[in-house]
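Trainee: Please take a close look at one part of this model for me. I would like the interface between the two chains.

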Amino acid sequence: MAILEVKGLKVYFHTRNGLVKAVDDVSFSVDSGETLAIVGESGSGKSVTCYSLLDLLPKPPAKIEGGTAFFDGEDLLTCSPDRMRHHRCNDIAVIFQDPMTSLNPFLTIGEQLIEPLIYHPDKTLRQSRPKARERAIQLLDEVGIIDPHSRFDCYPHEFSGGMRQRVMIAMALITEPRLLICDEPTTALDVTIQAQILKLIKKLQQTHDVAVIFISHDLGVVAGIADKVLVMCEGTIRETGNTDSVFYRSQDEYTKKLLAAIPSGPKKLESRVKPETLIKVSHLKTHFNDYSKQKIDGKYALIKAVDDVSLNILRGEILGLVGESGSGKSTLGRSILQLVPNTSGIVNFGADQLTGLSPRQLVPWRRRMQMIFQDPYASLNPRMTVYETLSEPLLYHGLANRENVLSRVSELMDEVGLARGSMRKYPHEFSGGQRQRIAIGRAIATKPEFIIADEPVSALDVTIQAQILDLILDLVESHNLTMMFISHDLSVVRYISDRVMIMHHGVIVEEGKTEALWANPQDPYTQNLLRSIPIADPLLERARIENI
Amino acid sequence: MNKNTLSQPATSEEDGSSLWNDAWIKLSKNYLALAGLGILILLCVVSLLTPWIAPYSYEQQNLDLGATAPSLQHWLGTDIFGRDMLTRIMYGGRVSLMVGFIATAVALVIGILWGAIAGFYGGRLDAVMMRIVDILYALPFMIFIVLLMVVFGRNILLLFLAIGAVEWLTMARIVRGQVMSLRNQEFVEAAYSLGLSQWTIIRRHIIPNTLGPVIVYTTLTIPSVMLLEAFLSFLGLGIQPPESSWGLLINYGVETMEEYPWLLIFPGIALSLTLFALNFLGDGLRDALDPRTSKD
């Protein structure tokens with residue numbers, strides 16, 4: 001019998017702007033020892049589905065309008081708060097998306113781990129502190145925390161993202177739950193760390209025999225971990241079945257679209273590279289003071305974000321820059337654009353040197369090199385309409401005057417695929433993909449020659465991501481752009497770049513033509529990175545996991 | 001590099017006004033805020049016209065009459081010297097509203113600029129500017145004002161400036177905190193990478209985004225400034241009887257609260273009315289200036 005049986009679940013949000021059917025008639029079941037993956041893009045209702053089971057939704061505006069969710073013969077949707085607490089404490093655990101914010105920074109991780117044991121609502125089940133500690137240390141060891149005895153008393157900020165997620169997993173497992181809900185547990189992590197965490201979840205699931213509901217937008221991850229897949233879109237189930245049948249014999253249009261949108265394989269466009277160096281970087285160093293540590297001999301320790309990097313970018317080239325978080329790839333981009341002060345080294349734009357120019361002297365150069373930022377929610381001024389955002393660079397650099405600025409902005413809107421009618425709207429009225437189009441429009445407004453795109457698609461859903469990538473490729477073509485494309489997502493970089501550089505700890509460890517590097521990576525770090533990419537194909541993905 | 005490329009044409013100002021246009025449209029649908037605005041305008045108009053429409057003279061004493069309860073001749077009663085309360089409240093409103101608005105405006109301008117500059121540039125400049133704020137905070141405010149009065153003589157305008165010069169400190173701290181978090185946002189970096197000058201960035205991208213807390217704090221500052229004036233006047237540092245202000249009237253009203261409650265109640269109502277109106281208007285403005293709140 002299934003451990004969890006959900007039938008006809010309906011969750012509606014009653015907002016000021018009307019009724020939103022977040023989850024509409026969703027049914028599924030999970031057996032113990034089984035992994036059900038719920039797949040969908042943002043807003044599809046996948047998280048709401050799971051949170052409603054644990055009564056974690058804000059009510060109002062959320063309201064459960066119908067359905068049942070039987071866990072062990074008891075309906076979770078109608079049970080009393082006491083029973084719900086009992087279930088949360090003993091039977092069902094959640095791992096949240098962002099390990100950076102889901103731990104309390106003021107308590108040691110050990111204290112947080114043993115909380116459910118020493119403050120158990122059922123007083124007879126409470127454990128003594130030393131006993132709980134022993135159990136927690138044993139679990140920390142199991143999830144791969146090195147030296148758990150001394151790490152037990154450390155605070156969350158002393159752990160890296162991957163380690164924190166391990167702590168979160170230990171925390172979820174400490175009550176020995178029978179159902180584990182993982183809400184995008186690896187989305188915020190680097191790809192090599194992701195591989196480790198997924199392996200860990202899989203292993204723990206087998207040793208502890210728990211049922212897992214795995215929420216994810218990443219079909220590659222799902223292909224490797226799931227037994228059953230549930231595809232959701234706009235609150236409804238589009239397709240459900242075992243993993244192989246969903247991936248190989250999909251019946252649903254939406255599922256097919258999702259699968260087709262994953263960037264895979266080499267770049268299709270012809271390369272437009274001309275043998276002329278546009279950007280030349282020699283021995284560039286960007287160091288920061290590390291204010292988080294104590295001074296030594298009156299000086300702060302240095303963070304060498306970019307450490308002696310030299311590179312050339314040819315005119316018309318798309319150079320992919322790949323690295324994990326903290327590798328210095330964003331800092332390198334900002335250093336080239338002179339947005340952060342360079343410690344030493346030289347950056348040349350064509351024949352002219354950019355390093356050493358004062359902010360005023362840089363103004364005419366700013367027009368010729370632009371940046372597209374990662375987060376379209378943060379990179380647009382929330383109090384400026386699209387028209388204002390796009391007209392600002394035009395007017396400021398004298399590329400339009402008051403008479404023709406409107407028509408220039410309209411042209412820009414056409415170019416990036418936005419409706420002219422939405423010119424007077426504010427950023428919050430647009431979806432993530434549309435916002436990124438606005439940000440791209442702002443970057444190309446000044447007709448630059450060189451653009452640095454810093455993870456421009458990593459905050460977007462996979463279908464939107466494909467559209468934005470194609471837009472970028474079109475614009476590169478039509479505007480004769482040269483681009484440095486920064487990303488942690490290797491498939492995206494392979495799809496878009498002519499040449500790739502791999503960055504690690506502030507230095508370039510390997511570079512080469514995209515396909516040559518893919519076929520034959522030399523550096524062990526690159527090899528490991530390439531091995532860690534999940535493939536959205538269950539058989540290949542399982543084989544890949546076996547081989548790690 | 002030729003000189004032309006270095007000169008930066010200013011961004012046109014009319015295009016920057018749409019936030020305010022939209023804000024006005026939204027505000028005009030918020031009846032509570034409109035009522036607040038209406039009350040404030042009414043109070044200001046009455047204050048301006050007071051010398052012509054006041055029923056009695058504010059200083060004419062009538063000791064035979066003494067304190068009388070509200071009646072047809074004296075709608076809000078008379079004080080212990082037989083002066084008409086309505087007249088005194090109207091004249092008091094002139095002083096109180098003026099102190100409230102002018103002193104707050106002074107505090108706003110200094111506070112926003114100071115806080116925005118300190119927060120935006122950070123580093124040493126920020127440290128120096130904020131230490132100045134700390135020093136002024138630590139300075140006993142009464143001594144500061146007494147000193148000003150001693151040096152420049154007692155002058156109502158100086159009173160406004162003195163109060164404003166004290167109130168801007170908190171404003172500067174609020175704005176600085178806001179600006180520091182805004183400074184690292186990507187849209188500010190984007191503006192910088194477009195080559196905009198720092199002043200343009202502060203003016204167009206930073207200050208509009210600090211408006212929410214600033215407006216709320218402003219609506220709280222105005223009444224507190226009015227009470228501060230009362231306190232100073234009570235000590236003999238502000239305005240002197242027979243002139244009046246709401247704060248002063250309330251202070252005297254408190255002394256005779258048990259025998260002549262109307263001496264406290266009516267100026268109290270005037271002050272509370274202003275406070276409510278300001279709060280409603282402030283909340284309305286904050287919502288109106290935030291495009292993220294829904295338009296209906």
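Mentor: The contact draws 38 residues from chain B and 39 residues from chain A, where contact means heavy atoms within 4.5 Å. This is a predicted model: local features need pLDDT of at least 70, side-chain atom pairs count only at pLDDT 80 or more, and totals for chains, interfaces and linings use all residues. Residues are numbered from 1 along each chain as its sequence is written, chains are lettered from A and ligands numbered from 1 in the order in which they are written, and side-chain values use heavy atoms, with hydrogens and water left out.

Now the area. The size of an interface is often given as the accessible area lost when the parts come together. Between chain B and chain A, about 3700 Å² is buried; this is the accessible area (1.4 Å probe) that the two parts lose on being put together, summed over both. Carbon and sulfur atoms give 51% of that area. On the chain B side, B:Glu186, B:Ser193 and B:Leu194 lose the most area to chain A. Together they account for 19% of what that side buries.

Next, charge. The rule finds 2 salt bridges across the interface of chain B and chain A. A salt bridge here is a side-chain nitrogen of Lys or Arg within 4 Å of a carboxyl oxygen of Asp or Glu. A:Arg334 and B:Glu189 meet in a salt bridge through their side chains, at 2.4 Å, N to O.

One residue in chain A is worth a look too. A:Val409 touches A:Tyr387, A:Leu390, A:Ser391, A:Leu394 and A:Met423, leaving aside residues up to four places away in sequence.
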